[in-house]
Amino acid sequence: MPLIEFTDKGLFCAQGGFCIDPWRPVDKAVITHAHSDHARAGSGAYLCHRLTRPLLELRLGPSTIQTLEWGEAIWLNGVRLSLHPAGHIIGSSQVRLEYQGDVWVVSGDYKTEDDGISGAFEPLPCRVFITESTFGLPIDNWKPQPEIFGDLRAWVADNRARGKTSVLIAYSLGKAQRLVVGLAEGSTRGLGVEGGLAMWGPEAGADIFLHGAVWNVHQTLLNAGVPLPQVQRVMPEMSRELFRGKVVIAPPGAEGSPWMRRFGEYALGICSGWMQVRGNVRRRNADAGFPMSDHADWKGLLKAITATGAEKVFVTHGFQAALSRYLNEKGISAAEVKTEYGEDEEGGEEDASNEQG
């Protein structure tokens with residue numbers, strides 16, 4: 001019997017009696033990260049990384065949740081389970097399972113470039129590796145993060161010189177936190193570290209405003225001890241003049257909505273891996289597109305897969321056919337697996353209708 005079975009509820013470990021990122025309610029759910037396509041309501045109990053717990057509580061409400069630190073292991077009916085950094089978003093984890101000497105690893109969503117806030121992806125030797133493939137095409141090739149933020153800062157500075165507000169569309173959990181950290185002016189991130197937390201000056205996030213949906217995530221992470229700059233929430237009583245020359249970060253659901261009218265003259269930038277294709281910028285009627293993703297690109301996927309030394313690879317959501325075919329051609333046994341992941345990431349349909357403040 002394989003250590004993980006692909007069922008109509010999710011990735012099921014029969015020996016351990018749990019599912020990983022189930023898309024239907026189960027008794028025991030192990031969660032890789034808090035994006036809603038991987039963490040759904042209704043299960044009896046959840047297991048996740050410590051920093052994923054407050055995000056699950058924000059999105060799912062009160063639940064029975066057990067947490068682990070990265071590298072900490074528990075035993076479930078003889079199965080040794082541990083969580084390890086995936087680098088996707090804050091708290092995101094790979095799941096390592098070991099039973100009678102057989103090791104399987106479920107990647108969840110991941111990226112291989114260290115963004116400075118999500119934990120550096122950790123390759124894990126295993127016999128079987130289950131990988132995502134959101135950007136599993138050879139054309140997917142990300143710029144280094146410092147270069148992306150250089151472009152972002154230059155764009156914001158140009159808008160400021162023109163008296164425009166810079167409105168950036170980014171997923172509220174993941175890219176929004178990277179933007180806040182990368183754009184915070186006057187910050188001394190990486191310096192003045194005390195107790196493991198970066199010490200931000202009070203002016204660091206003064207020119208950054210957040211849509212209510214992004215604000216809720218930001219405050220949840222701050223309350224959990226994640227070192228993020230203090231920023232401001234967009235409030236209905238704020239005047240247009242207050243936003244002139246400043247940065248506003250909003251989720252995809254706000255794009256094109258009446259909520260945007262409060263900023264007067266603004267420039268619109270979309271932050272998503274899909275912005276690598278320039279035609280997508282035009283189709284979104286955006287002023288700029290920044291190919292910024294929380295997923296591994298083609299080279300990152302191949303690097304991660306090779307580093308595991310896996311003799312068998314299962315490829316889930318994204319471009320499964322292209323990646324699995326390439327792996328087979330290179331002598332790595334690979335197969336496609338259909339799942340219900342990938343529905344709300346990378347500029348999808350995140351709902352912002354209830355967070356218009």
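My entries below go from the sheet to the helices.

**Ground rules.** I am working with a predicted model, where local features need pLDDT of at least 70, side-chain atom pairs count only at pLDDT 80 or more, and totals for chains, interfaces and linings use all residues. Residues are numbered from 1 along each chain as its sequence is written, and side-chain values use heavy atoms, with hydrogens and water left out.

**The sheet.** I looked up the strand order and found an open sheet of seven strands with mixed pairing, running β7-β8-β9-β10-β11-β18-β19. Strands (E, at least two residues) and helices (H or I, at least four) are DSSP runs numbered from the N terminus, and two strands pair if DSSP finds at least two bridges between them. β7 (73–76) and β19 (333–336) are at the edges with a single partner strand each, so one side of each has no neighbour in the sheet.

**One pair.** I then checked β8 (residues 79–85) against β9 (residues 93–99): they pair in the antiparallel sense over six bridges. Ser-82 has Arg-96 of β9 as its bridge partner.

**The helices.** Next I followed α7 (residues 298–308), which packs on the sheet and touches β11 (128–133) and β18 (312–318); contact means heavy atoms within 4.5 Å. Which residues of α7 and α8 make their contact? I noted Trp-298, Leu-301, Leu-302 and Ile-305 of α7, with Leu-323, Tyr-326 and Leu-327 of α8.

How values were computed
Axes fitted to C-alpha atoms, helices over the stretch in contact; angles between N-to-C directions.
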